[in-house]
Amino acid sequence: MELYNGSLNIEDITNRWYRDSHNLNYGAFITFVGTIREEDGIEALSFDIYEPILKKWFQEWQDKAKSMGAIVKMAHSIGDVPVHSSSYISAVISPKRRVALELIDEFVEDFKANAPIWKYDVIDGKRVYAKDRSTPMDGAGILVEAQND
């Protein structure tokens, strides 16, 4: 798991992941790149991350991937990320394509639902909680109630 301030350099990150894994004799290297869309007048999205829970969540995914003979990778932004740039990259490296295809889908969907990352719209230079584009986390207690108001 890699965290960066601001936009992610897609080419540097994915190329390094590929170089680090290409000698493993795996048949699949699948990436997912999340890009900030221009919508609702935003100029950027901004992210806060609770790292201890994110590290635990990611470790569980590494353990699951390892049990399937695969590897998962992830990079995410902290702070402001302008539209048309990347805030999230994930990859699955696996001996077999079917494992990688299924695992990347499951990983990205679980990330969206359960990773402790809070998203804000940046409009006119101000951060506004992105309630409509956020997913309440199970067990988040008062935070879930606040999102439902």
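User: By about how much of the helix are Lys56 and Glu60 separated in helix 2?

Analyst: The model is a predicted one, and both residues belong to helix 2. Because Lys56 and Glu60 are four residues apart there, the distance between them along the helix is about one helical turn.

User: How far apart are the closest N and O atoms of Lys56 and Glu60?

Analyst: Side chains of opposite charge can pair when their charged atoms come close. With a cut-off of 4 Å for a salt bridge, Lys56 and Glu60 qualify, since their closest N and O atoms are separated by 2.8 Å.

User: Is Lys56 buried or exposed?

Analyst: Exposed residues are those over 50% relative accessible area. Glu60, the partner of Lys56 in the salt bridge, has 44% relative accessibility and therefore counts as partly exposed. Lys56 has a relative accessible area of 53%, so the category for Lys56 is exposed.

User: Within what arc do the buried residues of helix 2 fall, seen down its axis?

Analyst: Helix 2 covers residues 51–67 and spans 24 Å from first to last C-alpha, close to the 24 Å expected. Its buried residues are Leu54, Trp57, Phe58, Trp61 and Ala65. They line one face of the helix, because viewed down the axis of helix 2 they fall within an arc of 95°.

User: Which residues are exposed on the other side of helix 2?

Analyst: The buried residues of helix 2 line one face, and their cover includes strand 1, strand 3, strand 4, helix 3 and strand 6. Just after the helix, Gly69 adopts a positive phi of about 80°. On the other side of helix 2, the exposed residues are Pro52, Lys56, Lys66 and Ser67.

User: Which elements do the buried residues of helix 3 pack against?

Analyst: Helix 3 has 18 residues and reaches 25 Å between its end C-alpha atoms, close to the 26 Å expected. Ala100, Leu103, Ile104, Phe107, Val108 and Phe111 are its buried residues. Seen down the axis of helix 3, these fall within an arc of 130°, so they line one face. The elements they pack against are strand 2, helix 2, strand 4, strand 5 and strand 6.

User: In which strand does Ser90 lie?

Analyst: Ser90 has 0% relative accessibility and therefore counts as buried. Beyond its neighbours within four places in sequence, Ser90 is in contact with residues including Met74, Ile104, Phe107 and Val108. The element that holds Ser90, residues 86–94, is strand 5.

User: With which side chain does the side chain of Ser90 make a polar contact?

Analyst: A polar contact requires N or O atoms within 3.5 Å. At 3.4 Å, the side chain of Ser90 meets this limit with the side chain of Tyr88.

User: How far apart in space are Met74 and Ile13, C-alpha to C-alpha?

Analyst: Met74 is placed in strand 4 and is buried, because its relative accessibility is 0%. Leaving out residues up to four places away in sequence, Met74 touches, among others, Trp17, Leu54, Ser90 and Phe111. Met74 and Ile13 are 61 residues apart in sequence, while their C-alpha atoms are separated in space by 9.5 Å.

User: With which residue does Glu2 form a salt bridge?

Analyst: Glu2 counts as buried because its relative accessibility is 18%. The pair ties together parts 14 residues apart in sequence, since Glu2 lies in strand 1 and its partner in helix 1. The closest N and O atoms are 2.6 Å apart, and the partner of Glu2 is Arg16.

User: How many residues apart in sequence are the parts that Asp48 and Arg127 tie together?

Analyst: Asp48 and Arg127 form a salt bridge, with their closest N and O atoms 2.8 Å apart. Asp48 counts as partly exposed because its relative accessibility is 30%. Since Asp48 lies in strand 3 and Arg127 in strand 7, the separation in sequence of the parts tied together, in residues, is 79.

User: What percentage of the 149 residues in the chain do buried residues make up?

Analyst: The chain holds four helices and seven strands, running from the N terminus as β-α-β-β-α-β-β-α-β-β-α. Of the contacts between residues at least 6 apart in sequence, 68% join residues at least 24 apart. The chain exposes about 8,700 Å², and the share of its 149 residues that is buried is 40%.

Definitions and conventions
Residues are numbered from 1 along each chain as its sequence is written. This is a predicted model: local features need pLDDT of at least 70, side-chain atom pairs count only at pLDDT 80 or more; totals for chains, interfaces and linings use all residues. Side-chain values use heavy atoms; hydrogens and water are left out. Helices (H or I, at least four residues) and strands (E, at least two) are DSSP runs, numbered from the N terminus. Buried means under 20% relative accessible area, exposed over 50%, partly exposed in between (1.4 Å probe, protein chains only). A polar contact is a pair of N or O atoms within 3.5 Å; within protein, one must be able to donate a hydrogen and the other to accept it, and residues adjacent in sequence count only if both atoms are side-chain atoms. Contact means heavy atoms within 4.5 Å. The expected span of a helix is 1.5 Å times one less than its number of residues. The arc is that of the directions from the helix axis to the C-beta atoms. Accessible areas come from the Shrake-Rupley method with a 1.4 Å probe; for residues, only the protein chains shown count as cover. A salt bridge is a side-chain nitrogen of Lys or Arg within 4 Å of a carboxyl oxygen of Asp or Glu.
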